[in-house]
Amino acid sequence: MKIVASCNNCRAEVRLKKKASNRYELSKVVGNYVELECSTCKTTSKYHLNSFDAEKSKWIYFVYPFTILLSVLSVIYLWEILAKTMSYGVIVTPIVVFNLIAWAVTSSYEHKVRYFNKFLAES
Ligand SMILES: [Zn+2]
């Protein structure tokens, strides 16, 4: 999860390199205002905590494609066992497990992002 605001000057993404689960927790670390330099236009501005939003990091978009890849690989790897035993559980079980893990990872991550954005800091 990344904590970002948009630059007051050029609207580019300004990233706050701190970890916090909500704005209140963040205010205890950095105060209500943070001075940051935009990496695009090099302007330094003061941002109120409420101008920051939590956004998903890029890796979260690779969870499901990676799960599909793992599923395909497991089918290829387990194909011979399936041919011998004729039990589809051999192939279905790992696919179900991979998808459940992917679902658990992405949904708890999305919950964290929503939780951060839900509450505003005192102004
Ligand atoms: Zn800028």
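## Domains

Domain bounds here come from an automatic or database domain assignment. In this predicted model, the protein splits into domain 1, residues 2-55, and domain 2, residues 58-118. Their centres, taken over C-alpha atoms, are 34 Å apart.

The contact between them draws 5 residues from domain 1 and 5 residues from domain 2. On the domain 1 side, the residues that touch domain 2 comprise 1 nonpolar, 2 polar and 2 charged.

An open sheet of 3 strands runs in the order 2-1-5, with antiparallel pairing. Strand 2 (13-16) and strand 5 (53-55) are at the edges. Each has a single partner strand, so one side of each lacks a neighbour in the sheet. On average, neighbouring strands are turned by 45 degrees against each other, direction ignored.

Strand 1 covers residues 2-6 and pairs with strand 5 over 3 bridges, in the antiparallel sense. Within this pair, Val4 stands opposite Asp53 of strand 5.

## The helix pair

Helix 2 (residues 63-85) packs against helix 3 (residues 89-118). The angle is about 165 degrees and the axes lie 7 Å apart. Angles over 145 degrees count as roughly antiparallel, and helix 2 and helix 3 are therefore roughly antiparallel to each other. The crossing is right-handed.

Helix 2 contributes residues including Val63, Leu70, Val75, Leu78 and Leu82 to the contact. Helix 3 meets them with residues including Ile91, Pro94, Ile95, Phe98 and Val105. By class, the contact has 14 nonpolar and 6 polar residues, with no charged ones.

Key. Residues are numbered from 1 along each chain as its sequence is written. This is a predicted model: local features need pLDDT of at least 70, side-chain atom pairs count only at pLDDT 80 or more; totals for chains, interfaces and linings use all residues. Two strands pair if DSSP finds at least two bridges between them. Helices (H or I, at least four residues) and strands (E, at least two) are DSSP runs, numbered from the N terminus. Axes are lines fitted to C-alpha atoms, for helices over the stretch in contact, and angles run from 0 to 180 degrees between N-to-C directions. Two residues are in contact if their C-beta atoms, placed from the backbone, lie within 7 Å. Ala, Val, Leu, Ile, Met, Phe, Trp, Tyr, Cys and Pro count as nonpolar, Asp, Glu, Lys and Arg as charged, and the others, Gly among them, as polar. Angles under 35 degrees count as roughly parallel, over 145 as roughly antiparallel, 65 to 115 as roughly perpendicular and the rest as oblique. A crossing is left-handed if the near helix is turned anticlockwise from the far one by less than a right angle, and right-handed if clockwise.
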